[in-house]
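Dear colleague,

I am passing on the structure we spoke about, together with some notes on what turned up when I went through it.

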Amino acid sequence: MAVILGLGLLLGVAASPAHAQQSDSTQLKKFQRANGFLRADQPERALPLLERLYDNAPENTAFYRKLKEAYESIKRYDDALRLVDQRIGSTPTVPLLTEKARLLSQKDKVEAANDTWDRAVALAPEETQTYRTVYNTLAELRHFRKAIAVLREGRTALGRPDAFRTELAHLYGLNGQFEAATQEYVAFLGEAPNRLGYVQSRLQTFVEQGQGLEASSRVLQRTVQENPLNEVYRKLLAWLHTERNDYAAAFDEYRALDRLGDRQGQILLQFARRAADAQRYDAATRACEAIQERHPESGVAPEAQKLLGDLYRRWARRGADSTTAAQDSARYAKARAAYDTFLQENQGHSGYPEALLRLGTLQIDAYRALEDAQPPLERLVSNHGETTAADEGRYQLGRIAVLRDSLDRARLLFSRLAASAQSSDLADQAQYELARLHLYRAEFDAAMARATSISEDPSADVANDAIELKALLQEARGPDSSDTALRTFVRARLSQRQHAHGPALAALDTLLQRHSRHPLADDARFRRGDIHRARGDTAAALTAFRALAERHPRSPYADRSLFRAAALLEASGRSAAATEAYRRLLTEYPTSLLAGDARGRLRALSTETTGGMSGRAGRP
Amino acid sequence: MTLEASSRRTFLKQAGTLLAASTVGTPKPLAEDLFIPMDEEQANHLKAYGAVYAALQRGQTVDWLLNYRGGGFLTEASQTVREELQVRGVSFASISAGRASTIIAEVEADGSNKSVVPLQKAPEIAVYAPEGAVPWDDAVRLALEYAEVPHDVIYDEEVLDGDLASYDWLHLHHEDFTGQFGKFIRYRNEPWYIQKQNKAEAAAKEFGFRKVSQLKLAVTERLKQYVSQGGFLFSMCSGTETFDIALAAHQTDIVPEEYDGDPVDPNALEQLDFANTLAFRNFTPNLNAQEYEHSNIDVGPPAPEMRDPSLDYFTLFEFSAKWDPVPSMLTQNHVATVRGFVGQTTAFDKDALKEDVVVLAEAPDRPQVRYIHGAHGQGTFTFYSGHDPEDYQHFVGDPPTDLSLHSQSPGYRLILNNILFPAAKKKKQKT
């Protein structure tokens with residue numbers, strides 16, 4: 001409706017009162033019919049109407065525009081150009097010349113189009129709008145280079161080197177000139193520091209392309225060197241570093257930002273959390289350590305101290321497969337030291353109970369230092385008994401009792417926890433521990449009853465463990481009425497859990513000597529291999545794993561033994577023997593769950609020895 | 001194409017006869033062969049193709065037993081092949097030469113619809129795909145990479161520079177040869193779209209074309225020429241439909257203004273030249289820039305209320321391997337029905353097919369086909385509709401399909417049948 005009213009006004013502009021009203025009405029109807037034809041994709045029916053309307057009123061802008069549009073829709077560019085030329089007459093304007101240039105471009109008359117755009121600019125070079133008009137048309141046609149040239153020319157002509165910053169930046173980005181684009185955005189930020197979010201969103205569109213990211217980083221690095229006190233540049237550079245996954249470089253920037261803004265470690269702590277989420281523990285720990293060094297009295301220092309412990313603990317656990325034991329050990333030591341420091345200095349902190357728990361657990365799992373683990377856990381349970389951390393502390397105290405062979409105390413602790421734990425998962429775990437305690441005490445019926453109860457809830461985390469326990473109890477009892485073999489076996493299991501390797505091996509040897517054909521024999525041999533491996537006795541571990549595969553080829557442990565033997569051989573540099581063991585696994589146990597891993601190792605070993613596949617490599 | 005029996009097969013036949021006729025008590029086989037079943041017993045069908053390809057690369061002949069045990073393979077036993085099969089997790093059996101000759105005799109027996117095709121040469125493979133990441137995945141590249149089949153990736157520049165002559169087999173997937181950037185205008189502000197458009201426009205300018213559609217047409221004409229000179233072309237998803245649309249529109253402009261800056265030709269539909277296409281005729285391109293569909297060649301996915309992966313399937317035609325060896329090769333599978341999957345081009349309208357196009361698979365009780373084959377000049381083309389055989393609806397930005405979870409995929413097998421098909425041709429391609 002608004003359009004029609006607008007057209008009505010437009011049609012009325014040149015009309016005289018009485019006769020004109022009727023004429024206007026007729027023209028309006030014709031115009032509407034033509035418009036309808038165009039919308040119905042029938043330009044051949046619209047054209048005669050529009051041409052007549054235009055011939056009768058060539059000064060009418062609506063008729064002119066619609067007729068030009070109709071010509072263009074059927075690619076009659078010459079006719080459209082004729083209209084524009086008529087309108088230009090002897091008084092060219094920037095919009096009309098720009099329009100003419102656009103049509104020439106559509107006709108593929110590139111040189112003539114460029115000349116006409118230049119004429120448009122020359123018509124009013126002192127007007128900012130001139131360049132905007134020409135630029136908009138060029139950008140619409142995706143003639144980015146020409147558009148850039150026009151805007152640069154505008155800057156010079158207007159004597160305003162800051163003109164068209166965002167337009168030029170956008171054009172440079174589209175044209176693949178990422179350094180130039182970033183320079184424009186940097187200059188824009190210098191003038192409008194509160195537009196950092198806008199600039200980031202614009203840069204995001206091309207930093208995803210590796211080339212754009214590198215170019216942007218180069219520009220920002222130079223800019224920061226030249227303007228070391230400018231916070232917004234550093235923020236942008238820090239963001240680019242994280243986009244490149246260069247957290248070490250990002251740390252430097254955030255450290256500087258923290259100092260520039262006198263934020264007393266707040267920015268560093270935020271960065272540490274982000275880096276931790278990205279598993280970049282090196283940068284995250286450096287950030288926490290920087291807070292301790294520079295801002296030990298800051299409000300965020302306690303949080304940073306505790307986070308430092310968490311970071312080293314997670315880093316050590318994550319690196320267990322990829323770094324040396326010494327490195328892990330050093331990280332565990334740093335984690336322990338960080339928790340110790342935190343606990344000494346921050347008794348009223350909300351993270352205190354959790355830190356006690358982490359320190360206690362670390363002492364058990366990483367150091368097996370039960371004497372050192374117990375005090376923080378007991379302090380946790382007695383002083384912070386209502387917290388969820390305290391429940392977990394009770395569980396860990398139960399574990400300590402098992403590891404110390406205080407099974408009665410363990411039973412008491414797990415029983416209380418099973419009845420009172422706030423978390424159902426923890427209560428289930430306690431129930432499972434109670435089942436295991438029955439097992440260790442050779443109370444097989446009680447163990448079975450408890451395992452059955454736990455396994456009835458398949459959603460419980462420990463349901464699978466309980467099912468495994470049930471299977472053991474169902475299959476391994478006998479041959480005598482006192483279940484001697486199973487008793488010996490569970491004694492070995494308890495010793496193994498307590499890291500008492502000697503007694504564990506002795507029990508397993510006894511079992512294998514006295515009951516060599518018992519269903520537990522394969523499990524016992526597998527455990528022997530594992531214990532030797534844990535003691536670092538590779539030769540004995542290899543013998544045990546190989547013996548299992550030879551003596552119990554149908555055992556569910558056979559493929560696992562072969563794989564462990566192969567892995568030990570590989571780790572000790574005996575690639576040929578490792579290859580043979582992996583191949584044997586594939587030949588004898590082609591459906592093993594470990595077959596995929598074995599193939600992967602074979603591929604890796606083959607690549608090490610031959611330098612990769614022959615022939616052309618597939619490009620990913 | 002003449003498919004002659006290899007000398008090795010002849011030897012096996014003779015050996016079988018000799019063994020059968022022999023009265024000497026020497027049960028030991030003369031030699032040992034490896035049989036790779038491709039029926040339900042095979043643990044990893046997809047890797048089997050890669051293992052066969054690797055054997056061909058080493059100069060070993062492999063017999064493809066069409067319509068026997070899902071299209072099994074037979075080759076001489078060697079430690080290298082055995083280890084390669086083992087490492088890839090491909091099921092195989094060592095059999096005596098006598099057993100091998102019995103199998104071949106059974107396959108070649110008069111009246112059977114089976115046949116032996118000797119594969120002699122590892123074809124040189126190229127995949128036509130843009131460099132850099134795109135937010136969708138190319139099923140054939142996934143298949144080739146999973147099967148560990150070496151291949152080169154080429155794109156417009158290599159095609160226009162004449163590099164196609166180096167390859168026996170060329171694959172296309174989710175490509176838009178009409179120059180409309182996949183009709184993904186809804187993503188026009190996404191970085192990947194901007195990058196794709198910029199690169200395409202830069203390439204067009206570099207080769208002297210004003211518009212991307214003109215560049216793509218030139219590429220399409222080169223690809224067609226490659227086929228006519230003896231090349232093998234396999235295409236999937238929108239790479240099928242847009243290929244023929246571009247060829248049909250070689251004298252006109254069907255690209256809406258939103259994509260190339262100028263409107264479609266007023267008589268574009270009248271100017272379509274279906275004599276120039278490979279597989280389709282009498283279709284109508286979709287000239288609406290906002291609509292995702294390219295033309296009515298594609299019948300589209302089932303209606304939303306009917307779009308149920310458990311009900312959507314298509315059936316493979318069974319060909320006589322003796323009389324129709326090529327369609328037979330292309331349809332070897334361990335199942336007769338394959339689960340359906342949709343794509344930008346989901347299924348071809350049967351009425352849009354040219355008369356000489358062979359239908360390899362079709363959706364039952366519907367006038368639509370999924371897998372077609374045809375010849376052009378000295379070469380052939382195979383078109384397979386849909387995007388990802390193991391992801392019913394693969395959306396832009398979805399993670400790639402993990403083929404280790406689909407190592408027995410019948411849908412992916414159809415893709416890999418195509419890489420061995422050129423290996424069956426004895427003479428080197430002239431391009």
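I begin with helix α16 of chain A, where the cover over the buried residues includes α15 (247–260), α17 (281–294) and α18 of that chain. Please bear in mind throughout that this is a predicted model. The buried residues of α16(A) are I267(A), L268(A), L269(A), F271(A), A272(A), A275(A) and A276(A). The helix has 12 residues, 266–277, which at 1.5 Å a residue should span 16 Å, and the computed distance between its end C-alpha atoms, 17 Å, agrees with that. Just after α16(A) comes Q279(A), which takes a positive phi of about 60 degrees.

Leaving aside residues up to four places away in sequence, A272(A) touches A284(A), A287(A), C288(A), A304(A) and L307(A). The largest nonpolar core has 145 residues, and the members that touch the most others are L50(A), A272(A) and A287(A). Helix α18 of chain A, residues 301–318, gives this core its largest share, 8 residues. There is also a second, separate core of 116 residues, which includes Y68(B), V219(B), V338(B) and A347(B). As general background, nonpolar side chains in soluble globular proteins tend to be buried together.

Elsewhere in chain A, A337(A) has its place in helix α19, residues 325–345. From A337(A) to S516(A) the separation is 179 residues in sequence and 49 Å in space, C-alpha to C-alpha.

The contact between the two chains takes 29 residues from chain A and 23 residues from chain B. On the side of chain B that touches chain A, α3 (79–88), α5 (139–147), β7 (152–154) and α7 (191–206) each supply at least two residues, and the largest share, 5 residues, comes from α7(B).

Within chain B, the domain assignment gives domain 1 as 7–119 and domain 2 as 125–424. Taken over C-alpha atoms, the centres of domain 1 and domain 2 of chain B are separated by 34 Å. Their contact takes 23 residues from domain 1 of chain B and 25 residues from domain 2 of chain B. On the side of domain 1 that touches domain 2, α2 (45–57), β2 (62–66) and β5 (115–119) of chain B each supply at least two residues, with the largest share, 8 residues, coming from α2(B). The residues of that side of domain 1 of chain B divide into 10 nonpolar, 9 polar and 4 charged.

Why can β2(B) be called largely enclosed by the rest of the structure? The reason is that 5 of the 5 residues of β2(B) are buried. V62(B), W64(B) and L66(B) point one way from the strand, while D63(B) and L65(B) point the other way, and all are buried. In a regular strand the side chains alternate between the two faces of the sheet.

As for its partners, β2(B) pairs with β3(B), residues 72–76, in the antiparallel sense over 4 bridges, and in this pairing F73(B) is the bridge partner of W64(B). The hairpin of β2(B) and β3(B) has 5 residues between the strands, and in it N67(B) takes a positive phi near 65 degrees. Between β2(B) and β5(B), which run antiparallel, there are 5 bridges, with D63(B) opposite P118(B).

Strand β1 of chain B, residues 32–36, is also largely enclosed by the rest of the structure, because 4 of its 5 residues are buried. It runs antiparallel to β4(B), residues 93–96, and is joined to that strand by 4 bridges, with D33(B) opposite I95(B). Another 4 bridges join β1(B) to β3(B), again antiparallel, and here F35(B) stands opposite L74(B).

With best regards

Technical notes: Residues are numbered from 1 along each chain as its sequence is written. Chains are lettered from A and ligands numbered from 1 in the order in which they are written. This is a predicted model: local features need pLDDT of at least 70, side-chain atom pairs count only at pLDDT 80 or more; totals for chains, interfaces and linings use all residues. A nonpolar core is a set of buried Ala, Val, Leu, Ile, Met, Phe, Trp, Tyr and Cys residues joined through C-beta atoms within 7 Å. A residue is buried if 20 or more other C-beta atoms lie within 10 Å of its own, exposed if 12 or fewer, and partly exposed in between; C-beta atoms are placed from the backbone. Two residues are in contact if their C-beta atoms, placed from the backbone, lie within 7 Å. Domain bounds come from an automatic or database domain assignment. Ala, Val, Leu, Ile, Met, Phe, Trp, Tyr, Cys and Pro count as nonpolar, Asp, Glu, Lys and Arg as charged, and the others, Gly among them, as polar. Two strands pair if DSSP finds at least two bridges between them. The expected span of a helix is 1.5 Å times one less than its number of residues.
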